[in-house]
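Please look over the sequence and the model shown here before reading on.

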Amino acid sequence: MKMRHRTTVKTVAVLATASLTIGLSGCASGPADGVTTLSFFQFKGEALEDFAQIISDFEAQNPDIRVVQNQVADSETAIRTLLVKDKTPDVITLNANGNFGRLAQAGVFYDFSDEPVLETINPAVQNILAELGNKTGEINGLGYVNNANGVIYNRAIFEEQGLDVPETWDEFIAVCDALQTAGIQPFYGTLADSWTGMPSWNALGAYPTQDGFFDEMREEGEDVGADSPVSFEKDFADVMAKQAQLFSYMQDGYRGRTYDDGNAAFANGEAAMLLQGIWALSPVKGINPDIDAAIFPYPAADDPADRLLVTGVDVVVTMARETPHREEALRFIDYLFEVGVIEEFAASQTMVPSVVGAEISDDPALQSVKPFFDSGQITGFIDHQVPPSIPLVAVVQQSLFDGDAAGALATLDSEWRKVAARTIPVTGEDQ
Amino acid sequence: MTSLTSAVRTSATGPSTKKRATRVRSSAARAMPAYYWMVWPAVIAFAAFHTIPVLVGIFFSFTNYAGYGEWNFVGMANYLALFKDDRVLQSYGFSFLFAIVATILTNAISLTIAMGLNAKIKARNFWRGVYFVPYVLAILVIGYVFQFLFSNSLPKILSGIPLFRDNILTNPDFAWTAIVGLAVWQACAFSIIIYLSGLQTIPSELYEAASLDGASSWRQFTSITFPLIGAFFTINVVLSLKGFLQVFDPIIALTNGGPGTSTESVTLLIFRGGFSGGEFAYQTANAVIFFIVITIVSLLQFRVLQRREADY
């Protein structure tokens with residue numbers, strides 16, 4: 001009796017242990033009711049409703065596909081975590097920055113080279129993506145909508161003060177002085193959010209980096225420094241000085257203000273300009289739908305013809321390399337790139353659509369940047385070329401706080417050297 | 001990475017449980033088999049969620065794995081690069097400075113408060129409840145409350161002091177003191193509880209005898225109270241220092257490592273560099289080193305502190 005009792009206990013315990021172990025490795029598989037479920041990784045909080053609308057229209061036309069939108073807050077960390085776990089979502093939207101390029105180079109995304117949807121996209125947009133990186137010989141992302149990073153200005157205030165859009169640096173500073181004299185706050189600074197120092201840095205830094213600056217930086221690698229042919233210390237002193245000059249026109253207490261504070265202040269006419277990209281117009285209009293705002297590129301050149309508008313692929317669409325739902329995912333992607341769908345999305349998000357033939361909405365801000373897109377006076381974000389392990393945002397923010405531009409540039413060069421020294425490229429297929 | 005840091009945490013508290021366990025040794029020669037079966041599920045879960053991830057992490061610290069895609073072995077290159085990286089060294093400096101200051105403040109303040117709460121004061125249970133509230137609140141929630149306090153309220157209230165007027169969180173030299181303030185405010189709650197339970201183990205006869213002998217309050221504290229709560233002091237200091245060395249959430253809530261990289265702790269650097277920075281293997285090597293450092297520090301503390309614990 002005692003013996004049998006013992007065995008029962010033992011059996012129960014073994015079963016409990018075993019079920020726990022199985023539970024750990026367990027994995028649910030989908031039901032076989034003929035409907036395919038696609039997981040849609042979506043990084044853009046403000047586009048949640050637009051995509052929900054697109055998805056419900058798509059599902060109405062394709063009853064055999066269900067799309068689940070997963071809107072994530074910290075998309076770059078989230079996608080990396082999913083990749084580490086080998087759980088790449090079926091369809092993915094990401095911001096096309098340096099991280100996207102590195103993920104693409106690692107070969108985790110689908111190759112769209114032979115897909116017909118690629119033919120409909122503006123080649124200039126695909127070029128910006130190609131600069132970020134693809135797996136050799138492949139095309140791993142489709143540009144969806146483009147943003148524009150310039151100075152947002154309140155056209156009503158400019159008109160009232162009789163000011164024109166500045167086309168050279170001296171004119172820009174003259175506009176700031178005129179506004180200040182008239183008792184109007186020229187800019188609204190929001191440095192409590194460290195990244196808000198970056199739009200102006202990117203725009204001003206675009207000028208000295210046009211001739212393959214970052215290619216040379218990568219080539220120099222461990223030798224980057226004040227004495228090397230190109231380096232931050234050598235080529236960026238003017239950028240930092242100009243940025244600091246702009247920040248000297250900020251309101252009192254700009255160090256403690258956040259991005260949202262800035263949008264609210266600009267929307268209510270408390271400042272004439274914002275050093276922000278076109279993405280800020282959406283929240284601004286959420287506060288004041290009637291604001292008359294437009295964008296001009298940072299005129300960091302002496303000749304108006306040399307002005308450059310910084311633009312990035314704000315949303316890139318891609319899919320997992322190995323997905324069991326390839327056909328369905330491609331059908332959804334084709335739908336996303338239909339002219340009517342992308343036009344509506346771009347207009348709602350105040351962005352420039354990538355599909356050839358899709359019209360830019362008649363929003364004054366978009367119309368103000370259209371000439372630069374048409375004439376090709378556009379360039380990419382330079383921070384996408386800086387390895388993410390360099391604390392670029394923090395360094396730029398600190399230099400704006402303490403005014404030590406030389407120290408900041410020295411830090412950037414030293415970080416560049418260290419990253420170059422410790423990055424050992426993956427060789428071949430050998431694991 | 002979360003599993004790694006928590007693995008580090010668990011391993012670092014390892015010595016404490018081991019030391020305690022040896023003291024209460026069971027008199028029975030062999031335990032019943034049922035006890036073993038009770039332990040097995042926990043062992044398997046622990047191995048699956050802690051030990052194996054740690055070993056996998058250590059393995060990848062010898063590669064150039066970015067967290068995805070292909071990789072090669074690179075030998076000790078990651079470890080060598082760590083010692084040449086001034087950003088890493090700076091983060092160790094920050095973590096230790098922060099941990100030492102916060103540990104001293106937490107233990108001094110919570111011991112004082114615990115003695116007050118142990119005395120016969122009015123509404124004693126109410127005050128005990130009040131001092132426990134910070135422990136119940138989520139650190140990120142109070143973190144954002146403190147952030148508002150530092151960046152909006154204090155600049156107005158203390159507008160006469162330049163340090164606070166310009167938002168102390170944006171001052172590279174003093175932002176860390178604000179983080180210490182938040183961390184200590186929150187950590188005190190738990191330390192107070194431990195000290196309170198320690199104080200209650202001291203028999204009141206000892207104090208009666210001491211007061212009959214004419215010992216002053218200070219003498220009673222140094223000769224009776226402090227020696228007799230030595231074990232509680234040890235566990236509090238070790239746990240606080242270990243916890244503060246791994247500081248993460250208060251920094252995220254207050255400064256996010258800024259301004260610049262002046263408040264970047266080791267854990268924040270591991271998380272940032274490993275995930276946003278795409279240097280998974282390199283920062284895993286950093287995590288391995290950090291794990292070793294914390295283990296050594298904790299062991300040293302136990303040796304030093306336990307030597308002067310008193311029993312009665």
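Of the 431 residues that make up chain A, 53% count as buried, where buried means under 20% relative accessible area, exposed means over 50% and partly exposed lies in between, with a 1.4 Å probe and protein chains only. This is a predicted model, in which local features need pLDDT of at least 70 and side-chain atom pairs count only at pLDDT 80 or more, while totals for chains, interfaces and linings use all residues. Residues are numbered from 1 along each chain as its sequence is written, chains are lettered from A and ligands numbered from 1 in the order in which they are written, and side-chain values use heavy atoms, with hydrogens and water left out.

Taken along the principal axes, the C-alpha atoms of chain A fill a box of roughly 100 × 55 × 45 Å. Among its contacts (heavy atoms within 4.5 Å) between residues at least 6 apart in sequence, 77% join residues at least 24 apart. Chain B, by contrast, has 14 helices and zero strands; of its 312 residues, 45% are buried.

In soluble globular proteins, nonpolar side chains tend to be buried together. A nonpolar core is here a set of buried Ala, Val, Leu, Ile, Met, Phe, Trp, Tyr and Cys residues joined through side-chain atoms within 4.5 Å. The largest such core has 119 residues, and those with the most contacts inside it are Y144(A), F187(A), W201(A), F232(A), M273(A) and F337(A). A second, separate core of 62 residues includes L111(B), I194(B), F233(B) and V266(B).

Charged side chains also pair up, and over all chains the count comes to 19 salt bridges, each defined as a side-chain nitrogen of Lys or Arg within 4 Å of a carboxyl oxygen of Asp or Glu. Which residues does K44(A) meet in this way? One partner is E46(A), with the closest N and O atoms 3.5 Å apart, and another is D314(A), at 2.7 Å from N to O.

K418(A) is buried at 14% relative accessible area, while D86(B), at 44%, is partly exposed. Salt bridges that share partners join E415(A), K418(A), R422(A), D85(B), D86(B) and E279(B) into one network.

Within chain B, helix α5 (residues 124-136) and helix α8 (residues 175-199) pack at an angle of about 130°, with their axes 6 Å apart. Axes are lines fitted to C-alpha atoms, for helices over the stretch in contact, and angles run from 0 to 180 degrees between N-to-C directions. The helices α5(B) and α8(B) are therefore oblique to each other, because angles under 35 degrees count as roughly parallel, over 145 as roughly antiparallel, 65 to 115 as roughly perpendicular and the rest as oblique. Residues making the contact include Y131(B) and F132(B) of α5(B) and W185(B) and F190(B) of α8(B).

Key:
Helices (H or I, at least four residues) and strands (E, at least two) are DSSP runs, numbered from the N terminus.
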